[in-house]
Amino acid sequence: MRLQNKITTLAFDADDTLWVNEPYFQEAEQQFVHLLQDYQTAEQLSSELYQTEVKNLPLYGFGIKGFILCMIETAQRVSHHQVSPQIIANILDLGHALLQRPVELLAGVHQTLDALHGKYDLILATKGDLLDQQRKIKNSALGDYFHHIEIMSDKQTVDYEHLLRRLSCKPEQFLMVGNSMKSDILPVLALDAHAGYIPYSVTWSHEQHDTPLQHEKLITLQTLPDLLHYL
């Protein structure tokens with residue numbers, strides 16, 4: 001399927017599409033589990049943390065700061081409020097370390113953006129904490145590629161509707177590329193726009209969607225440069 005005559009606007013997710021993100025969270029979670037090993041098993045602690053994260057999404061949204069608060073809340077709950085001040089300090093250190101991780105670009109990002117820049121309106125459409133995403137965009141040195149940068153609090157169909165309206169872009173002219181079927185693909189297809197799914201090796205449980213999907217406006221990529229074969 002060739003798309004070059006249909007698409008005017010290409011949007012890219014950032015975390016785990018352009019740069020590494022989820023492995024850092026999973027590494028922090030493993031350290032959190034180790035800190036609380038006297039209270040529950042690793043599997044139980046991971047489950048408790050995930051439940052806390054999902055419960056608090058309407059309050060905190062997506063991102064590291066909410067993750068830090070959820071770790072502290074979970075530590076308090078599983079310890080029946082007996083967790084030591086030192087462990088709380090260690091949890092805060094885990095969060096600070098996450099906020100200072102260097103940006104590690106995924107393979108083929110520069111190659112792909114170089115090839116597409118100037119031919120399409122390139123959009124960065126990511127969700128998460130505003131300050132942290134701004135930091136990563138700056139440190140990635142990718143900002144100049146993009147015609148527009150949108151840091152979204154969520155990625156539901158209505159959020160993409162608002163984005164397309166701001167861009168004055170029709171759905172049939174829009175292609176969203178990302179690693180999350182739940183956030184980057186399904187809401188876009190619901191608008192009858194195009195989507196490019198590029199699975200990443202690690203996916204947060206909340207973003208997982210295991211049901212196979214076939215759709216006439218969906219392309220599946222193995223690597224980001226594979227997108228160039230369709231454009």
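A salt bridge here is a side-chain nitrogen of Lys or Arg within 4 Å of a carboxyl oxygen of Asp or Glu, and by this rule the count comes to 13 salt bridges. One of them joins the side chains of Arg-135 and Asp-132, at 2.9 Å from N to O. Please keep in mind that this is a predicted model, where local features need pLDDT of at least 70 and side-chain atom pairs count only at pLDDT 80 or more, while totals for chains, interfaces and linings use all residues. Residues are numbered from 1 along each chain as its sequence is written, and side-chain values use heavy atoms, with hydrogens and water left out.

**Salt bridges**

- Arg-135 and Asp-132 both sit in helix H6, three residues apart, which is about one turn of the helix; helices (H or I, at least four residues) and strands (E, at least two) are DSSP runs, numbered from the N terminus.
- Both Arg-135 and Asp-132 are buried, where buried means under 20% relative accessible area, exposed means over 50%, and partly exposed is in between (1.4 Å probe, protein chains only).
- A network of salt bridges links Asp-15, Asp-132, Arg-135 and Lys-136.
- Asp-129 and Lys-65 also meet through their side chains in a salt bridge, at 3.5 Å from N to O.
- Asp-129 is in the loop between E2 and helix H6 (130-140) and Lys-65 is in helix H3, so this pair ties together parts that are 64 residues apart in sequence.
- Asp-129 is buried, at a relative accessible area of 19%, whereas Lys-65 counts as partly exposed at 36%.
- Lys-55 forms a salt bridge with Glu-73, and the closest N and O atoms are 2.9 Å apart.
- That pair links distant parts of the chain, with Lys-55 in helix H2 (residues 42-60) and Glu-73 in helix H3 (residues 64-78), 18 residues apart.
- Lys-55 counts as partly exposed at 49% relative accessibility, and Glu-73 counts as partly exposed at 23%.

**Helix packing**

- Two packed helices are described by the angle between their axes and the distance between the axes.
- H2 and H3 pack at an angle of about 130°, with their axes 9 Å apart; axes are lines fitted to C-alpha atoms, for helices over the stretch in contact, and angles run from 0 to 180 degrees between N-to-C directions.
- H2 and H3 are therefore oblique to each other, given that angles under 35 degrees count as roughly parallel, over 145 as roughly antiparallel, 65 to 115 as roughly perpendicular and the rest as oblique.
- The contact between H2 and H3 includes Lys-55 of H2 and Glu-73 of H3, with contact meaning heavy atoms within 4.5 Å.
- By class, the residues of the contact of H2 with H3 are eight nonpolar, four polar and five charged (Ala, Val, Leu, Ile, Met, Phe, Trp, Tyr, Cys and Pro count as nonpolar, Asp, Glu, Lys and Arg as charged, and the others, Gly among them, as polar).
- The axes of helix H1 (residues 22-35) and H4 come within 10 Å and cross at roughly 170°, which makes H1 roughly antiparallel to H4.
- Among the residues making this contact are Tyr-24, Phe-25 and Phe-32 of H1, together with Ile-87, Ile-91 and Leu-94 of H4.
- The contact of H1 with H4 has nine nonpolar, two polar and no charged residues.

**A mostly covered helix**

- Seven of the nine residues of helix H8 (residues 181-189) are buried, leaving the helix mostly covered.
- The buried residues of H8 are Met-181, Ser-183, Asp-184, Ile-185, Pro-187, Val-188 and Leu-189.
- Their cover includes helix H7 (157-167) and the strands E2 (121-127), E4 (174-178), E5 (194-197) and E6 (218-220).

**Loop residues worth a look**

- Most residues other than glycine have a negative phi.
- Ala-141 has a positive phi of about 60° although it is not a glycine; its place is in the loop between H6 and strand E3 (148-152), and Ala-141 is exposed at 59% relative accessible area.
- Asp-192 also has a positive phi, near 70°; Asp-192 lies in the loop between H8 and E5 and is partly exposed at 42%.
- Ala-107 is found in the loop between helix H4 (85-99) and helix H5 (109-116), and Ala-107 is exposed at 68%.
- The C-alpha atoms of Ala-107 and Thr-223 are separated by 7.8 Å, although these residues are 116 residues apart along the chain.
- Not counting residues up to four places away in sequence, Ala-107 touches Leu-224 and Pro-225.
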